[in-house]
Amino acid sequence: MPTIDEVRSEVRAWLAENWNPDITVGEWWERLTLSGYGAPKFPEHCYGRGYNQALANVVNEEIAAAGAIGPPSGLGYLLTAPTIVMHGTEEQQRDWLFRIISGQDAWCQLFSEPGAGSDLAGMLCKATRDGDEWIIEGQKVWTSTAQLTNLGMLLARTDPEAPKHAGITYFRFEMDQPGVTVRPLREMTGRALFNEVFIEGARVKESDILGGLNNGWAAANTTLAAERAGLGSGGSGAAGGAFPGPIAGNLDQRVGDYVNSRRSGNTGASSAPGGLAGSLIRLAQQKGKAEDPIVRQGLAKLWSMQTIGRYTSLRMRGGNVTAGLPNVAKLSMSEMLRLHRDVATKIMGPDMFLYGDDAPTEGVVQEAVVFSPGPAIYGGTDQVQRNIIGERALGLPKEPDPYKGKAFRETPKNA
Ligand SMILES: Cc1cc2nc3c(=O)[nH]c(=O)nc-3n(C[C@H](O)[C@H](O)[C@H](O)COP(=O)(O)OP(=O)(O)OC[C@H]3O[C@@H](n4cnc5c(N)ncnc54)[C@H](O)[C@@H]3O)c2cc1C
C-alpha cells in the first residue's frame with residue numbers, strides 16, 4: 001500500500017495532466033473512472049485502486065483542492081456500485097460498474113412498496129420465469145429520482161414457497177420499457193423527489209440477476225448498509241459531482257460549469273465551511289440573532305452533534321465499525337437535522353415563509369427545514385434503527401416471529 005504522501009503527489013500529478021474544465025462532464029468522468037480515482041476504495045478489477053479510507057480521503061481532498069468535480073452523485077454510485085463489487089459476476093463488474101462510475105447510467109432504488117417499507121422482506125412485487133427472461137408485476141413507491149434514471153435496483157419475489165427472506169431476487173431493471181409507469185409524488189418542499197412506479201408485465205433478462213437467484217436479500221443488505229453508511233458520511237467526500245445518466249442531460253455539458261454550482265445538486269449548506277452548524281452561525285450573525293441565548297444554545301448543541309458525528313464517521317471510515325455504529329450515525333443525523341430545523345426557524349423568523357430562488361438564503365435553508373422529516377424515514381426509520389441497535393449492539397431479544405421458516409405464501413401480508 002503506498003503512503004499518504006505518495007498518493008497525494010500521484011493524484012496531484014494526474015490532476016495536473018487530466019483535469020480540464022473545458023471538456024465535457026462525460027469525458028471527465030471517463031478519465032476519472034479509468035484512472036481508478038473515481039472509486040479509489042474499490043479493487044483494481046472494479047475500476048478502483050484498493051485504497052483504504054485514509055488514502056481514499058486524500059484522493060477526494062486533492063480532487064476538491066484542484067477545483068475539479070468528483071464522481072457522479074445519485075444512487076448508482078452510492079448504492080448499486082458497492083453491491084456489484086460484492087455480489088456481481090466478473091462481466092457485471094466490468095460493464096455495469098464502468099457505466100456507473102463514468103456516469104453513463106443512473107439508477108434508482110425499487111425496494112419499498114405500499115405494504116413493504118420497514119418490513120421490506122414482506123414485498124409482493126413478483127417475477128415469473130418466461131424462458132431466459134422474467135416477467136415483473138407489482139408496485140413500488142417512494143422511488144427517489146425514478147423520473148431521472150434509466151435503470152433500477154429491483155427486488156422481486158421469485159419463490160413464494162420459500163420463507164419470507166429466502167425467495168427474493170435482485171434485478172437490474174430497465175426503466176424505459178413497456179409496462180412501466182412512473183408517477184411523481186409531490187412533497188411539501190414543492191418538489192417531486194420521489195415517485196410511484198407501476199410495473200405490469202415488464203421484463204428482465206436472466207443475466208440481469210445480481211447476486212444469484214433467490215439470494216436477493218443478501219445483496220439488498222449490502223445496498224442498505226451502503227445507504228446507512230453513505231447517509232451519515234455524505235457520499236464520496238469529493239467535491240459534489242453532477243447527476244449522471246442519459247436523462248439528466250449533464251454528460252455533454254462543459255464540466256467547468258458544474259464546479260461550485262447548484263447545478264451539481266449540491267445544496268451548499270452541508271458542504272459550506274463548518275458544515276450545517278457553520279452555515280447557521282453565519283446566518284445568525286447576518287440576521288443579528290447571534291446574541292439570542294436560545295439561538296446560541298441551539299447552535300452550540302448543533303455544533304457539538306456535528307463534531308461528534310464527524311468523529312463517528314471518521315471512526316467508521318477508519319474501519320472501526322462496531323455493531324450498531326452505522327445505525328447510531330444514521331439516527332444522530334436525523335436528530336441533528338431536526339435540531340437544525342428548530343434553530344434555523346428561530347433565526348429566520350417570518351423569512352422562513354419566503355420560498356424559492358429569490359427568497360433570503362435563496363430558499364436553501366427553507367427547503368432544508370421543510371425536508372427535515374425525510375431523513376428520519378428513508379434508509380430505515382428512526383424506530384427501526386433503534387430496534388437494530390437494541391438487538392445487535394445491546395443484545396436485547398428479537399421480536400418473536402411465529403412464522404419463521406414458513407413459506408411466504410402462508411404468512412400474513414401487510415397489504
Ligand atoms: C425522502 C424519502 C426518499 C425515499 N427514497 C426511497 C427510494 O429511493 N427507494 C425506496 O425503495 N424507498 C425509498 N423511501 C422509502 C423508505 O425506505 C420507507 O419510507 C421506509 O423504509 C419506511 O417504510 P414505510 O414508509 O412503509 O413506513 P412503515 O414501515 O409502514 O412504518 C410506519 C411507522 O411504523 C414504524 N414501525 C414500522 N415497523 C416497526 C417496528 N418493527 N418497530 C417499531 N416501529 C416500527 C416506523 O418507524 C414508522 O414510524 C424513501 C422515503 C423517503 C421519506
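Me: What should I know about the model before we start?
Reply: It's predicted, so local features need pLDDT of at least 70 and side-chain atom pairs count only at pLDDT 80 or more, while totals for chains, interfaces and linings use all residues. Residues are numbered from 1 along each chain as its sequence is written.

Me: How are two packed helices described?
Reply: By the angle between their axes and the distance between the axes. Axes are lines fitted to C-alpha atoms, for helices over the stretch in contact, and angles run from 0 to 180 degrees between N-to-C directions. Helices (H or I, at least four residues) and strands (E, at least two) are DSSP runs, numbered from the N terminus. Take α1 (residues 4–18) and α3 (residues 53–65): they pack at about 30 degrees, with axes 9 Å apart.

Me: Which hand does the crossing of α1 and α3 have?
Reply: Right-handed. A crossing is left-handed if the near helix is turned anticlockwise from the far one by less than a right angle, and right-handed if clockwise.

Me: Which residues of α1 and α3 meet?
Reply: Contact means C-beta atoms, placed from the backbone, within 7 Å. On the α1 side you have Ile4, Val7, Arg8, Val11, Arg12 and Leu15, facing Ala54, Leu55, Val58, Val59, Glu62 and Ile63 of α3. That contact splits into 9 nonpolar, no polar and 3 charged residues. Here Ala, Val, Leu, Ile, Met, Phe, Trp, Tyr, Cys and Pro count as nonpolar, Asp, Glu, Lys and Arg as charged, and the others, Gly among them, as polar.

Me: How do α9 and α11 run, roughly parallel or roughly antiparallel?
Reply: Angles under 35 degrees count as roughly parallel, over 145 as roughly antiparallel, 65 to 115 as roughly perpendicular and the rest as oblique. The axes of α9 (residues 325–348) and α11 (residues 382–393) come within 9 Å and cross at roughly 150 degrees, so the two are roughly antiparallel. Their crossing is left-handed. From α9 the contact takes Asn327, Val328, Lys330, Leu331 and Ser334, and from α11 Asp382, Gln385, Ile388 and Ile389. Those residues divide into 4 nonpolar, 3 polar and 2 charged.

Me: How many residues are in the largest nonpolar core?
Reply: A core is a set of buried Ala, Val, Leu, Ile, Met, Phe, Trp, Tyr and Cys residues joined through C-beta atoms within 7 Å. Buried means 20 or more other C-beta atoms within 10 Å of the residue's own, exposed 12 or fewer, and partly exposed in between, with C-beta atoms placed from the backbone. The largest core has 70 residues, and Ile136, Leu155 and Phe171 have the most contacts inside it. Helix α4 (residues 75–87) gives the most to this core, with 7 residues. Apart from it lies another core of 19 residues, including Ala277 and Leu302.

Me: Where is Cys125 found?
Reply: Look in the loop between β1 (107–110) and β2 (126–130). Cys125 counts as buried because it has 20 C-beta neighbours inside 10 Å. Leaving out residues up to four places away in sequence, Cys125 touches several residues, among them Glu113, Ile136 and Ile199.

Me: Which phi does Thr361 have?
Reply: A positive one, about 60 degrees, although Thr361 is not a glycine. Thr361 is in the loop between α9 and α10 (364–371), and is buried, with 20 other C-beta atoms within 10 Å. Glu362 lies in the loop between α9 and α10 and has a positive phi of about 55 degrees, but Glu362 is partly exposed, with 14 other C-beta atoms within 10 Å.

Notes. Two residues are in contact if their C-beta atoms, placed from the backbone, lie within 7 Å.
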